[in-house]
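Notebook open, structure loading. I'll jot down what I look up as I go.

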Amino acid sequence: MVEPPLSSLPVQERRIAWLMTAVQFVSVLSFMVVMPLGPDYAMDLGIDTARVGWVLAAYTISSSIIGLLAAMVLDRFDRRPALGICMVGLVLCNVAAALSVDLWSLLAARGLAGLFGGPAGALSVAIVADNVPAERRGKAMGMVMGSLSLSAVLGIPAALELSHLFGWRVPFLVVAGLGLVIVLIALRLLGPQRMHMTTPSAPLREAPAHLLRVARGTLPALAFALSFIAIVPSFMLITNMAVFVQFNLGFPREQLGLLYMIGGVLSFFGMRVTGVLVDRYGSAPVTTGTALGLATLIWLLYYDWYWAALPVVALVPGFMVFNSARMVAQSAAVSKVPAPADRAGFMALTQSVTQVAGGLAALAGSAMLTTGAKGELLHIENVALVSLVITLLAPPLIWALERRLPRNADVSHRVKAMVKGSSGG
């Protein structure tokens with residue numbers, strides 16, 4: 001019988017996990033809300049539905065650029081004020097998105113949001129990894145990464161309903177208000193986060209060289225490759241999923257919120273169970289199973305939909321469940337690669353890689369698509385085929401990564417640091 005996912009976490013670790021889940025919820029919702037709202041703001045601002053991916057790409061590309069800079073400086077500071085700055089910036093950018101008047105102003109607002117959202121995500125993961133030992137981290141990561149499903153359960157259906165009733169601008173304002181409340185609570189309850197600052201930081205001029213050292217080697221290369229190919233299928237398909245199910249499959253607009261809610265509820269519980277499975281069996285077996293399941297669902301949704309082998313209300317939530325579970329397994333493995341003192345920088349670098357992947361995937365998906373006479377997406381099956389093939393590359397990468405990880409990566413890093421310190425450098 002599977003134990004309750006958080007039952008073995010001490011009180012302080014649970015508090016950290018809950019706080020970072022709340023922060024991630026706002027960060028993820030701010031990022032995700034542009035996708036299901038695509039048909040609404042596209043119609044209001046006169047944007048071609050095949051170009052909705054540009055709005056997502058603006059966020060991911062800017063986030064990837066700032067991630068490279070953040071990776072060089074985040075580990076030099078207390079994580080708590082850094083997180084506050086990033087979240088306040090994200091709040092202001094959501095207000096700017098709500099005030100957009102055309103495609104270009106919306107792109108600018110989303111591009112600025114990426115400058116704050118990327119580092120915020122890296123910091124929240126690093127804070128959890130700093131405070132939760134590796135042997136219990138799968139449970140904590142399952143909870144924090146569950147913000148993806150929480151945004152689908154609570155945020156996206158509410159955003160869709162608010163957009164339906166009051167217009168697409170209102171959801172951005174609500175996300176901004178919610179983000180302000182959550183970041184104030186998190187900063188009030190979160191203590192100083194300086195555990196990673198065990199040794200003096202190198203001069204800032206040496207930061208690029210240090211970043212190269214952190215990113216060099218087989219383990220970082222595998223982590224970056226895994227992060228890159230893990231995100232591509234998601235962004236190629238999820239970016240256009242709301243448009244696809246509404247205009248290609250004829251799914252009612254008023255039921256989109258329910259569709260995302262079903263998927264979010266199932267993902268929420270699925271990710272918590274995934275965390276337990278990762279702690280028990282490792283990331284590689286879990287990633288393999290979820291990748292195979294995801295590939296199967298992509299085939300059914302985008303190739304068998306015309307004869308309704310399964311209803312949309314089963315396929316889309318299933319896609320969300322397997323995709324989010326895969327993220328938990330991979331995040332737990334990647335978080336074990338860096339030493340604690342380099343964790344935020346490494347996670348920011350990883351975040352940058354994923355954002356590059358997401359931006360390229362969104363742009364590639366949009367480039368492969370054209371819009372039909374009734375707003376339907378043409379050539380979507382080609383996008384699905386590329387996504388399916390890339391999905392199947394994840395299992396061999398995660399097996400290679402996990403085989404090379406020490407049995408307790410954090411202990412190994414600490415021992416190396418102690419040996420280095422005792423030898424005088």
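Is Cys93 buried or exposed? I get a relative accessible area of 7% for Cys93, so it is buried (under 20% is buried, over 50% exposed, partly exposed in between; 1.4 Å probe, protein chains only).

Ground rules: this is a predicted model, where local features need pLDDT of at least 70, side-chain atom pairs count only at pLDDT 80 or more, and totals for chains, interfaces and linings use all residues. Numbering runs from 1 along each chain as its sequence is written, and side-chain values use heavy atoms, with hydrogens and water left out.

I searched the whole structure for disulfides (cysteine sulfur pairs within 2.5 Å) and found 0.

Leaving out residues up to four places away in sequence, I see Val245 touching Gly250, Phe251, Leu256, Leu259, Val312 and Val316 (contact is heavy atoms within 4.5 Å).

Whole chain. I count 18 helices and 2 strands (DSSP runs numbered from the N terminus: H or I, at least four residues, for helices; E, at least two, for strands). Of 425 residues, 59% count as buried. Among contacts between residues at least 6 apart in sequence, 87% join residues at least 24 apart.

Last stop, Ile65. I find this residue in helix 3, and Ile65 is exposed, at 53% relative accessible area.
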